[in-house]
There are 2 protein chains.
Amino acid sequence: MMQTAAKKLSADKTERISPRERILAAAAELFYRNGIRAVGVDAIAEAAETNKMTLYRHFASKDELVAEYLRGEAEKVRLGWERRAADNPEPCAQLRAWLRDMARHVSSGDERGCPLTNAAVELPEKDHPARRVVEAFKTAQRQYLAGLCDAAKLAEPDMLADELFLLLEGARVTAQSMGPEGMGERLVKMGEAIIKAHTISPDR
Amino acid sequence: MMQTAAKKLSADKTERISPRERILAAAAELFYRNGIRAVGVDAIAEAAETNKMTLYRHFASKDELVAEYLRGEAEKVRLGWERRAADNPEPCAQLRAWLRDMARHVSSGDERGCPLTNAAVELPEKDHPARRVVEAFKTAQRQYLAGLCDAAKLAEPDMLADELFLLLEGARVTAQSMGPEGMGERLVKMGEAIIKAHTISPDR
DNA sequence: TGCGTTAGGTACTGACCGGTAACACCCGTG
DNA sequence: CACGGGTGTTACCGGTCAGTACCTAACGCA
């Protein structure tokens, strides 16, 4: 009675979302916040307002769920790049927008690093399905960034791309062990300085 | 008989090392290689050629053992700085030596990132004894680096210190999800370029 | 010689892990 | 109305986890 009514009500507003999506959303939140190994499947099922059986009907194993979670995170990042590309036709402006986005994100306070990177730290086993996702993502990210630096006609685009990439990766991973004490604006300044250093000189 | 003979023999060559040291060494290797959460106390005791009871006579809990492991790693880093300071009286040369050491380390192949940073990724719980160790270490590292940049009379020493720090931190954490494809020499080039950018200009 | 400290060994606890079996249920479609 | 797929519920499996009780063996020191 109450239950059916509540079911129908919630079906109208939120619970129309399929269990699979709820599980993925809950897993993303818990994995990122508490670490992958620290979160059990029971906890995920509970947070998704479902149960373990349903989870295992949609995902072959916890490892596969982790891989799917990481694919989702990679997709979010890709969408971010798409948005910035749409907003900034100039590749250099796109680069700067990325820098600002990341700086804001890092200094947001609840930063816990890049989910993909964290997964690689937490899951060192070479044959883990999650690792393939991480490696593919990081490689693609690096290539895209290098292409962007090249399109922006900046000097030594590959090296500049790596500099920026490593700088931001370092900032994200460091923000969680040291407070983001003014890391945000400082990060932008550093990135801008590095870009500037690659605007003038043809090589060294 | 056999046992006592073997005991005495081993006591003469290697097993004079106290169980505590053996446990710490085994824990360091296993924690770094496989991740902290992935390693059980039984595995550590076995690798240290002792048993769980002896482990718990020397360490109050696994968490405390982890903290002690991290203190050991921090001390190793400190000794590295001491060695470099002895070898390079000039602060700028010391900085460059650090860069080279880190580049070699990153491209060594079996890099799995900074143990302290990895611990912070694996153990998000704010009150974990390991986190205090990590935070103290990272803060000290940053300050020391800034002091070194200042002593080297480089422009904007604090920002330069952060740039180098984040760059190397990013390189270490990235080396494990992408192969260290020529990361070594490229890292040195990047660091040198950043240092160079801070040698001339008084400010901006 | 005797005694206390330290280490090793075995076995255990209670909790939790990932994963599965069996069954009741709701609901849309025929 | 009957049916079947997706879902919820409960109980369970074997294994592993951190941590402990209890006893024995070896050693240093007096």
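Mentor: Keeping in mind that this is a predicted model, look at chain A, where the buried residues of H6(A) pack against helix H5 (62-87), helix H8 (129-151), helix H9 (157-175) and helix H10 (183-197) of that chain.

Trainee: Okay, and which residues in H6(A) are buried?
Mentor: The buried ones are A:Leu95, A:Trp98, A:Leu99, A:Met102, A:Ala103 and A:Val106. Viewed down the axis of H6(A), these buried residues fall within an arc of 130°, so they line one face of the helix.

Trainee: How many residues does helix H6 of chain A have?
Mentor: Helix H6 of chain A covers residues 91-106, which is 16 residues, and from its first C-alpha to its last it reaches 22 Å, close to the 22 Å expected at 1.5 Å a residue.

Trainee: Switching topic, how many residues of chain B are in contact with chain A?
Mentor: On chain B there are 34 residues in contact with 34 residues of chain A. On the chain B side, the elements giving two or more residues are helices H7 (115-122), H8 (129-151), H9 (157-174) and H10 (183-197), and H9(B) gives the most, with 10 residues.

Trainee: And what kinds of residues are on that side of chain B?
Mentor: The side of chain B that touches chain A divides into 14 nonpolar, 10 polar and 10 charged residues.

Trainee: How do H9(B) and H10(B) cross?
Mentor: Their axes come within 10 Å and cross at roughly 170°, and H9(B) and H10(B) are therefore roughly antiparallel to each other. Their contact involves residues including B:Leu160 and B:Leu164 of H9(B) and B:Leu187 and B:Ile194 of H10(B), and by class it has 8 nonpolar, 1 polar and 1 charged residues.

Technical notes. Residues are numbered from 1 along each chain as its sequence is written. Chains are lettered from A and ligands numbered from 1 in the order in which they are written. This is a predicted model: local features need pLDDT of at least 70, side-chain atom pairs count only at pLDDT 80 or more; totals for chains, interfaces and linings use all residues. Two residues are in contact if their C-beta atoms, placed from the backbone, lie within 7 Å. Helices (H or I, at least four residues) and strands (E, at least two) are DSSP runs, numbered from the N terminus. Ala, Val, Leu, Ile, Met, Phe, Trp, Tyr, Cys and Pro count as nonpolar, Asp, Glu, Lys and Arg as charged, and the others, Gly among them, as polar. Axes are lines fitted to C-alpha atoms, for helices over the stretch in contact, and angles run from 0 to 180 degrees between N-to-C directions. Angles under 35 degrees count as roughly parallel, over 145 as roughly antiparallel, 65 to 115 as roughly perpendicular and the rest as oblique. The expected span of a helix is 1.5 Å times one less than its number of residues. A residue is buried if 20 or more other C-beta atoms lie within 10 Å of its own, exposed if 12 or fewer, and partly exposed in between; C-beta atoms are placed from the backbone. The arc is that of the directions from the helix axis to the C-beta atoms.
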